[in-house]
Amino acid sequence: MTDDEFPSDTKDQEPSYDVGYKKPPKHSQFKKGNKHGKGRPCGSRNVATYVREALEAKVTANVGGKPRKVSKIELGLHQLANLASKGDLKAIAQVIPLYERHCSQENDGPIPEEETAHDLETLRHYFMMQGEADDE
């Protein structure tokens with residue numbers, strides 16, 4: 001390209017700062033007052049916030065014959081458990097995975113020595129059969 005192909009006014013103007021990666025020319029940046037260049041407003045809420053607020057809202061319910069203030073999610077779990085106890089198969093199918101995932105098994109304390117000794121003997125026998133055990 002020759003110098004004649006460029007307009008003379010753009011050739012004489014140089015940017016007041018480096019133009020490059022993440023540094024667009026000033027003429028193509030968002031202008032002041034442009035609503036599209038402001039980003040997300042502070043305090044705006046997303047769907048997760050609305051879901052959390054809806055499920056954590058307190059309502060008055062009769063639990064065990066007494067009125068109590070409980071969250072909607074807690075009330076829903078009570079109702080699901082009641083349906084499962086009445087034999088609703090769909091409710092049972094939902095309650096069992098919830099229980100297994102969130103309710104830890106109770107620890108019965110230390111393992112008795114006779115179970116440990118039996119387990120060690122089983123492992124020794126297995127490794128002997130595999131030919132990997134040292135005869136001690």
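Me: Why are Glu121 and Arg124 described as about one helical turn apart?

Reply: Glu121 and Arg124 are three residues apart in helix H5 (residues 113-130), so about one helical turn separates them. A helix here is a DSSP run of H or I with at least four residues, a strand is a run of E with at least two, and both are numbered from the N terminus. This is a predicted model: local features need pLDDT of at least 70, side-chain atom pairs count only at pLDDT 80 or more, and totals for chains, interfaces and linings use all residues. Residues are numbered from 1 along each chain as its sequence is written, while side-chain values use heavy atoms, leaving out hydrogens and water.

Me: What makes Glu121 and Arg124 a salt bridge?

Reply: The term asks for a side-chain nitrogen of Lys or Arg within 4 Å of a carboxyl oxygen of Asp or Glu. For Glu121 and Arg124, the closest N and O atoms are 3.6 Å apart, so the pair meets the cut-off.

Me: Why does Glu121 count as partly exposed?

Reply: Buried means under 20% relative accessible area, exposed means over 50%, and partly exposed is in between, with a 1.4 Å probe and protein chains only. Glu121 has 48% relative accessibility, so it counts as partly exposed.

Me: How many salt bridges does the structure hold?

Reply: There are three. One of them joins Glu53 to Arg45, with the closest N and O atoms 2.8 Å apart. Glu53 is partly exposed at 41%, and Arg45 is partly exposed at 43%. Another joins Arg68 to Glu74, where the closest N and O atoms are 3.5 Å apart. Here Arg68 is partly exposed at 39%, and Glu74 is partly exposed at 29%.

Me: Why is the pair of Tyr126 and Phe127 called edge-to-face?

Reply: A search of the whole structure finds one aromatic pair. The ring centres of Tyr126 and Phe127 are 5.5 Å apart and the planes stand at 65°, so the pair is edge-to-face. The rule is that rings of Phe, Tyr and Trp (its six-membered ring) pair if their centres lie within 6.5 Å; planes under 30 degrees apart count as stacked, over 60 as edge-to-face and the rest as tilted. Tyr126 is partly exposed at 45%, and Phe127 is partly exposed at 33%.

Me: How do you know that E1 and E2 pair?

Reply: Two strands pair if DSSP finds at least two bridges between them. Strand E1 (residues 58-63) and strand E2 (residues 66-71) have six bridges in the antiparallel sense, so they pass that test. One example is Val63, whose bridge partner in E2 is Lys66. The two strands form a hairpin with two residues between them, and Gly64 in the turn has a positive phi of about 70°.

Me: What makes Lys69 exposed?

Reply: Lys69 lies in strand E2 and has 58% relative accessibility, so it counts as exposed. Not counting residues up to four places away in sequence, Lys69 touches Val59 and Thr60, where contact means heavy atoms within 4.5 Å.

Me: Which residues form the nonpolar patch?

Reply: They are Val47, Val51, Leu55, Ile73, Leu77 and Leu98, with about 500 Å² of accessible area together. H2 and helix H3 (72-85) each give two or more residues to the patch, and the largest share, three residues, comes from H2. Patches take residues with over 30% relative accessible area and no salt bridge, joining like charges within 9 Å and nonpolar side chains (Val, Leu, Ile, Met, Phe, Trp, Tyr) within 5 Å. Val51, in helix H2, has 43% relative accessible area and is partly exposed.

Methods. Areas by Shrake-Rupley, 256 points an atom, 1.4 Å probe, with all protein chains shown as cover.
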